[in-house]
Amino acid sequence: MSWYPYCVAGWLVLAGIFGVVRSRDLIHTVICVSIAQSGTYVLLLSIGYQSGASAPIFGSSTPPSAPVVDPVVQAMALTDIVVSATVTALLLALVVQVAKRHGTIVPDELRALRG
Amino acid sequence: MPMSAALPPLAITLPIAVGCVLLAAGRYLPRWAIDGLAMVGAVLGVALAALLMVATAHTRVITWLGGWQPRHGVTVGIVLVADRINSGAALLVAVLTAAALLFGWRYFEDVHAHYQALTLLFMAGMTGFALTGDLFDMFVFFELMGAAAYALAGLRIEEPESVQGGLSFGVVNSLGAYLCLMGIGLLYARTGQLGLAQIGAALAGKPADPLVLGGFALIATGWLVKAAAVPFHFWLADAHAVAPTPVCVLFSGVMAPLGVYGVGRVYWVIAHGVVADGAVRRMLLVLGVLTAVLGALMCFTQRHVKRLLAYSTIAHIGLFLIGLAALSPLGIAAAALYAAGHAGVKGALFLLTGILLSRHQTVDEFELYGRGTQHRFSGVLFVLGGLALAGLPPFGTGLGKALLEESGFGAGMTVLVIAVSAVTGAAVVRVGLRTYFGLGPRPSRESSAEETTGRQEQPEVEESLRRTPATMLAAVLLLLGGGLLVGVLPWVARSTGAAAVRFADQRGYLAQVLHGATSRLGDVPDTGWSAEGVALGLVSAALAAGLAALAVYARRLPGAVRIGARVVGRPVRPALISLHRLHSGHVGDYAAWLVVGAGAVAGLLALG
């Protein structure tokens, strides 16, 4: 098992957070949150990966004794994707309202809450 | 399987079921039916949590979902584990939800059942987070309560501040949740388990390697974001400033303290004996002290009353973290009693602020000056709440504070705890004296660019209230009375002491969850009032009253004193202004601080 997928996962999370920090557009911010989350999918899937193993669906081509990748992390990634869809939709809906009420979606120009 | 094993899943699913009925049928039902149905859901939740409290008097209640019991300590099942601490948290969630719904009975005029349904989903998420014994389920419930909370914070979508606060809240908490999920992934990679007990058993007896340490640091970061520890605290003030007032009761009273609970649970089941005690204590103490001090400073220098209360919550979260940092049953009992008393008192204060907002359309302390003089009774309650926050005996907050001072940190920590609680209490008393009693000179209304004033808030009710509805005042009295009962009933303190011992009993937890073995409880610390605790509680309440009077009458002081104060204050003022400037309302800054904080947590743990 190489370090490569773990590095990709860490990179995606950090790149996503960096994107949020430097964002000049709230839609960009929300997409960057999704990118940070995709890092967690890569991490989970690489934890369950086994070289030479097949998908964890047993049938005629995959007898129960055959090596398969870990299905638990796949279920976790799936749950994570559902959560992501909900949160992204909710955040985008809030961005639409920010655009309507503030007339801008540039984070630097949102001045309502400070101190 | 005993009957009591059905209680935890029921406590989680029942509010979800009622919430779904409300969402489906909300548009066809009249308003009273919506409110009544939601209230039935919350009250049944109170009953279930109370039954669970009874069932967990001498043991843990363990529910293997779907009947997947462990065989010889090996299991593929998912488990709910209730003890007195987390069923108490579930009870707190249900009681605060009921109070929020009672207060909201006449509060929102036009809401299509969304408010009630979201509140019930929020309740389910928090109950699940408290009761589960599985790390990944903790993450899922964390996200469920998160999603419901973002929507509740941004509920008043016509308001610019509301949607902005909801958005920052959502972004910061989501990023925290993803860091937490990475930590869960790392622990799964090491142990192949997701259950807390299973992970604890797999790691037991081995010192932490960097992978386990990193996993624990990331999970702690996730829960600390929810707890709003410094430097993850920025979202909390924004979310509280914009959320409907009854929702603030839930945010402050139980959602943020549940983050502290999460850190405690994960430490005591998984990390105790694996990660060095010194490292965990250092991490919790550093964050706790920073959070308490910064929260108190920001609280005292606010004029937006809801933000002021929010920063006071942050200061108290710091105190709960210090209680946890004692890494002893007494510290846990202190934090638990403090949190329970705080929930009642802070909830009552938020609701009183909500009444002010609906009556005067502003939550600016300076604008509110002298406007509540018709409502002296509310004023007395508000000032009493402020003094209780400072630790006035016999409120639960006072008991928690007294036990915190006795948790073995020494005199320096006692001084800090008294100072922090007195300053946050003083800020509240100051608002109460100015608003309801019109004391002191009228504050000037000019505002600087670095603060949120809370002027011209949209009222949350359609027409401003001439008379306070009985339901609103009933909710206030219920919460304040609850905060009082926590400190008055000796039974509460005693059983919290025993509950804290069981909470900290790692070996007993693993043995009961994995092998069904029950164990005897160790020595229960004395968690009653001591003479010293009462005296120090009175001292901090007196300090709070004095400090508030000083703030109210600052401009009437003799000239020499004022000039002296100005000379002393000269170096402090720029520091305070830059502190306020740090709270920029910019979501990118918050994300940057999140990374800094995650690094700090990992660094403090890695120092060994």
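## Contact between the chains

In this predicted model, 41 residues of chain B are in contact with 35 residues of chain A, two residues being in contact if their C-beta atoms, placed from the backbone, lie within 7 Å. On the side of chain B that touches chain A, helix 5 (135–153), helix 6 (160–191), helix 9 (234–242) and helix 23 (587–606) of chain B each supply at least two residues. The largest share, 17 residues, comes from helix 6 of chain B. Helices (H or I, at least four residues) and strands (E, at least two) are DSSP runs, numbered from the N terminus.

By class, this side of chain B has 21 nonpolar, 14 polar and six charged residues. Ala, Val, Leu, Ile, Met, Phe, Trp, Tyr, Cys and Pro count as nonpolar, Asp, Glu, Lys and Arg as charged, and the others, Gly among them, as polar.

## Chain A

Chain A has three helices and zero strands, in the order α-α-α from the N terminus on. Its radius of gyration is 19 Å, well over the 13 Å that the globule rule gives for 115 residues, so chain A is more spread out than a compact globule. The radius is taken over C-alpha atoms, and the rule is 2.2 Å times the number of residues to the power 0.38. Along its principal axes, the C-alpha trace of chain A spans about 60 × 25 × 20 Å.

Of the 115 residues of chain A, 32% count as buried (20 or more other C-beta atoms within 10 Å of the residue's own; exposed means 12 or fewer, partly exposed in between; C-beta atoms are placed from the backbone). Among contacts in chain A between residues at least 6 apart in sequence, 55% join residues at least 24 apart.

## Helix 2 of chain B

Helix 2 of chain B (residues 31–55) has 25 residues and should span 36 Å at 1.5 Å a residue; its end C-alpha atoms are 36 Å apart, which agrees. The expected span is 1.5 Å times one less than the number of residues.

Buried residues in helix 2 of chain B include Ile34(B), Leu37(B), Gly41(B), Leu48(B) and Leu52(B). What covers the buried residues of this helix includes helix 1 (7–25), strand 1 (61–64), strand 2 (79–82), helix 3 (84–103) and helix 4 (114–131) of chain B.

## Leu285(B)

Leu285(B) lies in helix 11 (residues 277–300) of chain B. This leucine is partly exposed, with 18 other C-beta atoms within 10 Å. Not counting residues up to four places away in sequence, Leu285(B) touches Ile322(B) and Ala325(B). The C-alpha atoms of Leu285(B) and Leu324(B), 39 residues apart along the chain, are separated by 8.7 Å.

## Numbering and confidence

Residues are numbered from 1 along each chain as its sequence is written, while chains are lettered from A and ligands numbered from 1 in the order in which they are written. As the model is predicted, local features need pLDDT of at least 70 and side-chain atom pairs count only at pLDDT 80 or more, whereas totals for chains, interfaces and linings use all residues.
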